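Reader: Could you walk me through a structure one feature at a time? Please give me the general idea of each feature, then the case at hand.

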Amino acid sequence: MKKQKSIILKMDEPLAISNPFDLLTEEIIFAILDSLNDDAFAKKSFSLVCKSFYFIESRHRKTLRPLSSDLVLRTLKRYLFATELDLSLCTRVDDAALTQIASSRSSLRSINLSRSRLFTHNGLSSLVANCAGLVEIDLSNRAALTDTAMAAIAEAKNLERLSLARCKMITDMGIGCVAVGCKKLRFICLKWCLSVSDLGVGLIAMKCKQIRAMDLSYVPITEKCLPPILELEHLEDLVLEGCSGIDDDGLATLKHSSKSLKTLNMSNCQNVSHVGLSSLTYGAECLQHLILAYSLSMTADLAKCLHNSSGLQSIKLDGCSVTTSGIKAIGNWLASLKELSLSKCKGVTDECLSFLVQSHKELRKLDITCCRKITYASIDSITNSCTSLTSLRMESCSLVSKDAFVLIGQRCRFLKELDVTDNEIDNEGLKSISRCSKLLTLKLGICLNITDDGLTHVANGCSKLKELDLYRSSGITDDSITAIAHGCPALEMINIAYNDKITDTSLISLSKCMLLKGLEIRGCHSVSSVGLSAIVMECRQLMVLDIKKCTNINDNGMIPVAQFSKNLKQINLSYCSVTDVGLLALASIKRLQCMTILHLSGLTPNGLAAALLACRGLTKVKLHTSFKPLLPQSLFEYMEARGCVLHWRDKAFQVEIDPKGWEIALYGRSHEAA
């Protein structure tokens with residue numbers, strides 16, 4: 001692209017420009033492309049404007065994510081300046097492909113092979129030998145990799161990030177090779193590496209002194225590898241989730257803790273109590289985030305051991321048992337918490353929660369999901385003390401009265417996320433919440449007291465809303481959905497499943513929300529192919545579509561889906577009136593990865609087989625077991641080789657006989673046939 005040239009105009013001489021876009025500098029065009037990073041189709045359209053734009057777009061793109069293995073080399077040839085290659089959608093990358101990638105792109109800095117199954121250590125050797133600048137490799141889920149592959153990786157001397165999650169055949173010997181060869185490592189993930197022990201983890205800690213983060217989730221280690229880990233000068237993030245070999249006795253032997261550690265995750269560590277945690281965190285002056293979900297009980301003793309952690313900003317206690325004395329002790333901490341999660345914690349009461357929030361008034365995020373003992377009093381204390389909340393999750397707080405929700409809108413005007421699923425909120429509560437003009441996410445599933453009046457207030461007051469969940473909120477009709485469509489143009493996801501008053505009118509209205517990415521309308525029996533066609537024709541960014549039990553949607557709806565929803569990744573067609581024709585039409589959607597197709601009465605074995613073969617990007621399909629004996633074994637082998645997992649379900653046919661969708665009658669396949 002030519003740089004912008006100065007142009008001298010004469011008063012009597014018109015300016016002759018063959019291509020007006022030539023007046024734009026490359027920097028300006030790069031800035032335009034930066035704003036299109038989230039929309040691949042917009043970038044493609046941009047590149048087709050003219051030859052110069054086509055060339056510049058190829059120079060601008062640094063990250064590539066080919067849709068299939070067949071497109072990898074063609075994509076690399078077009079985008080010569082890309083240095084990051086994400087092959088997570090390419091299951092058939094083999095050694096030959098890796099060798100070609102390495103020879104054609106020596107400047108490669110990052111590669112994701114987390115779903116590729118066919119390569120071996122030979123391909124990795126070629127990759128590492130030719131791409132000396134590699135700083136990141138993701139080999140997660142490659143269960144067949146062995147220590148020989150790790151020996152190849154060890155030659156990547158500049159490697160900084162390595163993910164080996166679920167590489168279950170790699171042993172301490174392979175990890176030792178990496179430790180010796182990759183001394184610049186800053187991050188390593190060994191999650192579910194079941195053949196790695198203290199020896200391998202210890203070697204990483206002793207040899208790779210630049211480590212910032214380690215994920216050792218469910219690795220069979222003990223406290224023996226912890227001393228060298230805690231001596232790492234730059235360690236900030238340590239994940240020990242599910243490490244059952246670590247216990248109090250072992251932690252008691254530790255002589256010091258990490259001075260640099262900022263985040264510690266000890267979820268599901270069943271053999272650690274406050275005694276062991278105290279040994280691990282004593283002197284951890286920089287600790288900011290602590291995750292103890294489904295492990296320790298929050299007692300006064302546990303709270304006491306963290307009393308002096310003045311830098312602590314967030315703690316997650318999801319699923320833990322708590323005591324009143326323990327929660328109150330958190331209120332006496334020197335730290336001023338910004339984030340607290342008590343989701344599904346047994347023992348949370350009005351008394352202890354009110355005391356806690358009065359002591360931590362700077363809270364920004366609070367999760368009290370399924371805290372079933374709290375009442376109006378807790379919400380009164382929360383909203384009165386924590387007026388700067390940006391996120392409040394309180395699903396299934398069944399004793400909280402409807403009046404409490406009015407307080408949320410009156411006092412917490414900075415909320416961006418609110419989850420009141422399965423609560424007693426009514427229209428007055430929604431009217432108050434509509435004052436939260438910054439709201440981005442609102443979840444109102446199973447809120448049986450709300451109607452169009454309340455939701456219309458939300459539409460008028462929360463124009464920035466991106467996600468709205470109305471699952472089984474049966475008082476909602478087309479009127480309020482139309483109001484939402486007009487008042488919330490930035491909407492990206494909406495769930496109106498099992499609302500029997502919703503018709504095509506709602507979908508036609510929602511078609512004005514051009515940014516819509518997720519649509520869940522399962523069980524909306526009055527919705528038809530007409531409404532679905534309207535929404536897919538306008539909402540071209542749609543990625544997730546759930547039309548389960550929409551019995552009036554048939555092949556006439558699938559054809560426009562196939563034509564316009566080129567971004568679609570996931571679809572649920574169960575119980576619809578789609579036949580072989582409609583299913584086969586979806587094969588043109590190259591990005592389609594997941595399908596659920598249970599109880600399609602118009603689907604035949606031949607039609608299913610043809611669709612599975614044609615949809616080349618599929619990674620997961622849920623099917624009814626009745627089809628299994630009707631399909632050839634060769635098809636299963638082919639799908640598996642292509643990287644697609646078939647999940648077989650033996651679910652009986654379900655018929656909803658209650659208008660509200662609560663009462664389910666189960667019928668066998670014989671009833672379905674009848």
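This is a predicted model: local features need pLDDT of at least 70, side-chain atom pairs count only at pLDDT 80 or more; totals for chains, interfaces and linings use all residues.

**Reading helices, loops and a cavity**

Author: Gladly. Residues are numbered from 1 along each chain as its sequence is written, and side-chain values use heavy atoms, with hydrogens and water left out.

Reader: Which residues of helix 8 are buried?

Author: Some terms come first. Buried means under 20% relative accessible area, exposed means over 50%, and partly exposed lies in between, using a 1.4 Å probe and protein chains only. Helices (H or I, at least four residues) and strands (E, at least two) are DSSP runs numbered from the N terminus. Helix 8, residues 172-181, is mostly covered, with seven of its 10 residues buried. They are Asp172, Gly174, Ile175, Gly176, Val178, Ala179 and Gly181.

Reader: How do I describe two packed helices?

Author: Two numbers do it: the angle between the axes and the distance between them. Axes are lines fitted to C-alpha atoms, for helices over the stretch in contact, and angles run from 0 to 180 degrees between N-to-C directions. Here the axes of helix 8 and helix 9 come within 8 Å and cross at roughly 5°. Helix 8 is therefore roughly parallel to helix 9; angles under 35 degrees count as roughly parallel, over 145 as roughly antiparallel, 65 to 115 as roughly perpendicular and the rest as oblique.

Reader: Which residues of helix 8 and helix 9 make the contact?

Author: Contact means heavy atoms within 4.5 Å. Helix 8 contributes Asp172, Ile175, Gly176, Val178 and Ala179, and helix 9 contributes Leu199, Gly200, Leu203, Ile204 and Lys207. These residues divide into six nonpolar, two polar and two charged. In this scheme Ala, Val, Leu, Ile, Met, Phe, Trp, Tyr, Cys and Pro are nonpolar, Asp, Glu, Lys and Arg are charged, and the others, Gly among them, are polar.

Reader: What is Ala205 in contact with, beyond its neighbours in sequence?

Author: Ala205 sits in helix 9. Its relative accessibility is 0%, so Ala205 counts as buried. Leaving aside neighbours within four places in sequence, Ala205 contacts Pro228, Ile229 and Leu232. Ala205 and Pro227 are 22 residues apart in sequence and 9.0 Å apart in space, C-alpha to C-alpha.

Reader: At what angle do helix 22 and helix 23 pack?

Author: Helix 22 (residues 529-538) packs with helix 23 at about 5°, the axes being 8 Å apart. That makes helix 22 roughly parallel to helix 23. Ser529, Leu532, Ser533, Val536 and Met537 of helix 22 meet Asn556, Gly557, Met558, Pro560, Val561 and Phe564 of helix 23. The contact divides into seven nonpolar, four polar and no charged residues. The buried residues of helix 22 also involve other elements: they pack against helix 21 (504-510), strand 19 (518-520), strand 20 and helix 23.

Reader: What should I look for in phi?

Author: Most residues other than glycine have a negative phi. Ser396, not a glycine, has a positive phi of about 55°. Ser396 lies in the loop between strand 14 (391-393) and helix 17 (404-411), and counts as buried because its relative accessibility is 5%. Tyr575 likewise is not a glycine and has a positive phi, of about 70°. The loop holding Tyr575 runs between strand 21 (570-572) and helix 24 (580-585). At 9% relative accessibility, Tyr575 counts as buried.

Reader: Which residues does Thr551 touch?

Author: Not counting residues up to four places away in sequence, Thr551 touches His525, Tyr575 and Ser577. Thr551 is in the loop between strand 20 (544-546) and helix 23 (555-564), and its 38% relative accessibility makes it partly exposed.

Reader: Which residues line the largest cavity?

Author: Rolling a probe the size of a water molecule over the atoms shows where empty space is left. On a 1 Å grid over the protein atoms alone, a cavity is a set of points where a 1.4 Å probe fits but cannot get out; lining residues have an atom within 4 Å of a point. Points are joined across faces, edges and corners, and volume is the space filled by probe spheres set on them. The structure holds one cavity of 30 Å³ or more, and the largest has a volume of about 30 Å³. Lys548, Tyr575, Leu598, Lys651 and Gln654 line it, dividing into two nonpolar, one polar and two charged.

Note on methods: On a 1 Å grid over the protein atoms alone, a cavity is a set of points where a 1.4 Å probe fits but cannot get out, and a pocket is an open set with protein on both sides within 12 Å along at least five of seven lines; lining residues have an atom within 4 Å of a point.
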